[in-house]
Amino acid sequence: MDVVVTGGRGSSGRWIVDRLAGPHDVTVLDRSLPGDGGHPAVEYRALDLTDAGSVFDSLTAIDPDSVVHWAAIPVAGTHPGVDLFRNNALAAHTVLSAAGRVGADVVQGSSDGAYGFFFAEETPVPDELPITEAHALRPEDDYGLSKVVTEETGKTIARRDGVSVASIRPSWIQTPGEYPCRDEEYVDDLAAGAGNYWSYVDVRDVVDLVEAALTGEVAGHEAFNCVGPDNALGRPLVELMREHYGRVPNDCTVEGDAAAYATTKATDLLGWEPTRSWREAADEDVDAPTV
């Protein structure tokens, strides 16, 4: 399979590229070329992903089977909100539009930020626990809004061009051996992780879901939660919610130290489930890919 990966040199994108290179022919589209030549099995093109002409020219020339759109400003607060929104929304529209024109299926990076919990002025208690992909999207911030627009763009492209679009919604990606969700200041302060209900996901589980979406059967547009198998504190989630928020939603079926987000949709449609818990992964010694 010929696969284009945007943002493939980013902190999580490089793990995706490293997994796909070899089994697939991978071309990375990013802002700059690697100074050391990059991954030996990967081709690179440097371009601005918000420039429609550059993106259309590149995808027309490559004519990929699939596109993994992973490039974005990944979090609120690092850029002016209007710049973040413009970059994320415009890049998604440009890349997905070009992918649709060449008939390439898409897997794209969305976020649990689309639900609007973490960056809300006052974090709400969700309508349900666990939170399914059908939960309302109510962002108050530019980052979350950009992800809602990204997903709506995916729906449009899937409907218009007949390609499949899978939107992956990770929650605070951790890398093996570097788990800030287990830092003392996080673990000892409930408020530190309350914005996403103490959720996290190992980058390798994210890669597994991206790969499953690439090779599985996705019809039209589908969104998938992507979180670890448990919460980052290792305590009963209901207990954490009551201690911090004073209540749980009426629709609550979580048990034990489960994560706040449901992942059964990805299991049912793609055969994916998270397998890496902080209990083992936080102290693992794994070299990050160089791409």
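The model is predicted. Two packed helices are described by the angle between their axes and the distance between the axes. Here the pair is helix H1 (residues 13–20) and helix H7 (residues 203–215).

**H1 against H7**
- H1 and H7 pack at an angle of about 55 degrees, and their axes lie 9 Å apart.
- That angle makes H1 oblique to H7.
- The crossing of the two helices, H1 and H7, is right-handed.
- On the H1 side, the contact is made by Trp-15, Ile-16, Arg-19 and Leu-20.
- H7 contributes Val-203, Arg-204, Val-207, Asp-208, Val-210, Glu-211 and Leu-214.
- The residues of this contact divide into 7 nonpolar, no polar and 4 charged.

**Around H1**
- Gly-13, Trp-15, Ile-16, Val-17 and Leu-20 are the buried residues of H1.
- These buried residues pack against H7 and against strands E1 (2–6), E2 (25–30), E3 (42–46) and E4 (66–69).
- Gly-22 follows H1, and its phi is positive, near 110 degrees.

- In soluble globular proteins, nonpolar side chains tend to be buried together.
- The largest nonpolar core has 32 residues; Leu-20, Val-26, Val-68, Val-107 and Leu-209 touch the most other members.
- Elements giving two or more residues to this core include E1, H1, E2, E3 and H7.
- H7 supplies the largest share of this core, 8 residues.
- Not counting residues up to four places away in sequence, Val-68 touches Val-3, Val-4, Val-5, Thr-6, Ile-16, Leu-20, Val-107, Val-210 and Leu-214.
- A second, separate core has 28 residues, among them Cys-181, Tyr-186, Tyr-245 and Val-254.

Terms used: Residues numbered from 1 in each chain as written. Predicted model: local features only at pLDDT ≥ 70, side-chain atom pairs only at ≥ 80, totals over all residues. Heavy atoms only, no water. Axes fitted to C-alpha atoms, helices over the stretch in contact; angles between N-to-C directions. Helix = DSSP H or I, 4+ residues; strand = E, 2+ residues; numbered from the N terminus. Parallel < 35°, antiparallel > 145°, perpendicular 65-115°, else oblique. Left-handed = near helix turned anticlockwise from the far one by under 90°. Contact = heavy atoms within 4.5 Å. Nonpolar A, V, L, I, M, F, W, Y, C, P; charged D, E, K, R; others polar. Buried < 20%, exposed > 50% of the residue type's maximum accessible area, 1.4 Å probe, protein only. Core = buried A, V, L, I, M, F, W, Y, C linked by side-chain atoms within 4.5 Å.
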